[in-house]
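These are my notebook entries on a single structure. I set down what I looked up, one topic at a time.

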Amino acid sequence: MESTASLSGVGTALITPFDRNGRIDFKALERIIAYINEKQTDFIVVLGTTGEAPTLSESEKQALCEAVVALNGRRLPLVLGVGGNDTAAVADKCARLPEGFDYVLSVAPYYNKPGQNGLFAHYKTLTEASPRPIIVYNIPSRTGVNVEADTLLRLATEVPGIAGVKEASGSLRQIDDLLARRPAGFAVLSGDDALTFPLLCLGGDGVISTSANFMPEIFKQMITAVRQGRWDEARACHFQALPLIRLFFEEGNPAGIKAAMHHAGLCENILRLPLVEASAGLQARIAAAIGKR
């Protein structure tokens, strides 16, 4: 159950690059992992929302995991997204976690909208099955249910194997409650790129970021500045990153970030249905904003 890998700093929510035939582009994947390593990301998250995991077959997920593990070469901690709304099925996936991964990131069950006791029982069951610690992914805008602060704190204090939360409720009040009362060792990571700076100022540990596929270095600089009390520098990083963050999410994720990565020559600008590429107008504005960096 234990992991010796650090769960703080900049986590890149890795995109899944596709070639013009719609297949996983492993050459582009190699370029992207080399790029984010060079730009000082601290850990990598595979098969999350940004990675279009719902559109990948089980064989594709396996091939992608094997490729990331091999390309990473144990340089950075790896987190694997494993989620669903059938607890038994998710627990079975956790139990069969591929070698080379240090944590599981598991989104709250969606559609069936469990109550807080159901959410607690769900995550407790996952920890009992998983060989690695679990990070709760709380994103009520997608799941339809909020894992409330009291439930997260109960998991943190009562359930061994709960490592932290990717917090994307959008509520600074909830973030306040979590950070004021969390036990030692429970990581609170921003799941909303634009709220990373406020979360860090309140004592949070870092971010799991879509935008970090393209610009992990600005988040790294922001986090380092906060930790060292250089508040003006950290604030400047926030305002520098914010225009691109807003563009990246304007038409949904990962349309914006894939347009940016394509503009940078790292991958094709291809998504899988039901997602489609960003509009021509947004792509032009992203390219212009990148040119001003």
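Predicted model: local features only at pLDDT ≥ 70, side-chain atom pairs only at ≥ 80, totals over all residues.

Entry 1: Eight strands close into a barrel, and their order is 1-2-3-4-5-6-7-8. The pairing is parallel. From one strand to the next, I found a twist that averages 25°. I note as background that strands of a sheet pair through backbone hydrogen bonds, either parallel or antiparallel.

Strand 2, residues 43-46, pairs with strand 3 in the parallel sense over three bridges. Within this pair, Ile 44 stands opposite Leu 78 of strand 3. Helix 2 lies across both strand 2 and strand 3, and it runs at about 170° to strand 3.

**Entry 2: the nonpolar cores.** Which residues have the most contacts inside the largest nonpolar core? I found Val 46 and Phe 214, in a core of 85 residues. Helix 10, residues 231-249, gives the most to this core, namely seven residues. A general remark belongs here: in soluble globular proteins, nonpolar side chains tend to be buried together.

I listed the neighbours of Val 46, leaving out residues up to four places away in sequence. Val 46 touches Leu 14, Leu 64, Val 68, Val 79, Leu 80, Gly 81 and Phe 101. Apart from the 85-residue core lies another one, of 16 residues. Among its members are Ala 13, Phe 43, Leu 105 and Val 107.

**Entry 3: cysteines.** How many disulfides does the structure hold? The count is zero. I recorded that a disulfide is a covalent bond between the sulfur atoms of two cysteines. The cut-off I needed is that the two sulfur atoms must lie within 2.5 Å.

Cys 94 counts as buried, because its relative accessibility is 0%. Cys 237 counts as buried too, because its relative accessibility is 2%.

**Entry 4: salt bridges.** My search of the whole structure gave 15 salt bridges. I wrote down three of them, with their places in the chain.

Glu 268 and Arg 20 meet through their side chains, at 3.4 Å from N to O. This pair links distant parts of the chain, 248 residues apart. Glu 268 is in the loop between helix 11 and helix 12, whereas Arg 20 is in the loop between strand 1 (9-13) and helix 1 (26-38). Glu 268 counts as partly exposed, at 22% relative accessibility, and Arg 20 counts as exposed, at 69%.

Arg 272 and Glu 60 form a salt bridge of 2.6 Å, N to O. Arg 272 lies in the loop between helix 11 and helix 12 and Glu 60 lies in helix 2, so the pair ties together parts that are 212 residues apart in sequence. Are these two residues buried or exposed? Both Arg 272 and Glu 60 are buried.

Arg 154 and Glu 158 form a salt bridge in which the closest N and O atoms are 3.4 Å apart. Both residues lie in helix 6, residues 149-158, and are four residues apart, about one turn of the helix. Arg 154 is partly exposed, at 32% relative accessibility, and Glu 158 is partly exposed as well, at 49%.

**Entry 5: backbone exceptions.** I recalled that most residues other than glycine have a negative phi, and that most peptide bonds are trans. I then looked for departures from this.

Where are the cis peptide bonds that I noted? One runs from Asn 253 to Pro 254, with omega near 10°. Pro 254 is in the loop between helix 10 and helix 11 (255-263). Another runs from Leu 273 to Pro 274, with omega near 20°. Pro 274 is in the loop between helix 11 and helix 12 (280-291).

Arg 74 is not a glycine, yet has a positive phi of about 65°. Its place is the loop between helix 2 (58-72) and strand 3 (78-81). Arg 74 is exposed, with a relative accessible area of 54%. Lys 113, also not a glycine, has a positive phi of about 50°. Lys 113 lies in the loop between strand 4 (103-107) and helix 4 (116-129), and is exposed at 54% relative accessible area.

Terms used. Residues numbered from 1 in each chain as written. Heavy atoms only, no water. Buried < 20%, exposed > 50% of the residue type's maximum accessible area, 1.4 Å probe, protein only. Core = buried A, V, L, I, M, F, W, Y, C linked by side-chain atoms within 4.5 Å. Helix = DSSP H or I, 4+ residues; strand = E, 2+ residues; numbered from the N terminus. Contact = heavy atoms within 4.5 Å. Pairing = 2+ DSSP bridges. Axes fitted to C-alpha atoms, helices over the stretch in contact; angles between N-to-C directions. Salt bridge = Lys/Arg side-chain N within 4 Å of Asp/Glu carboxyl O.
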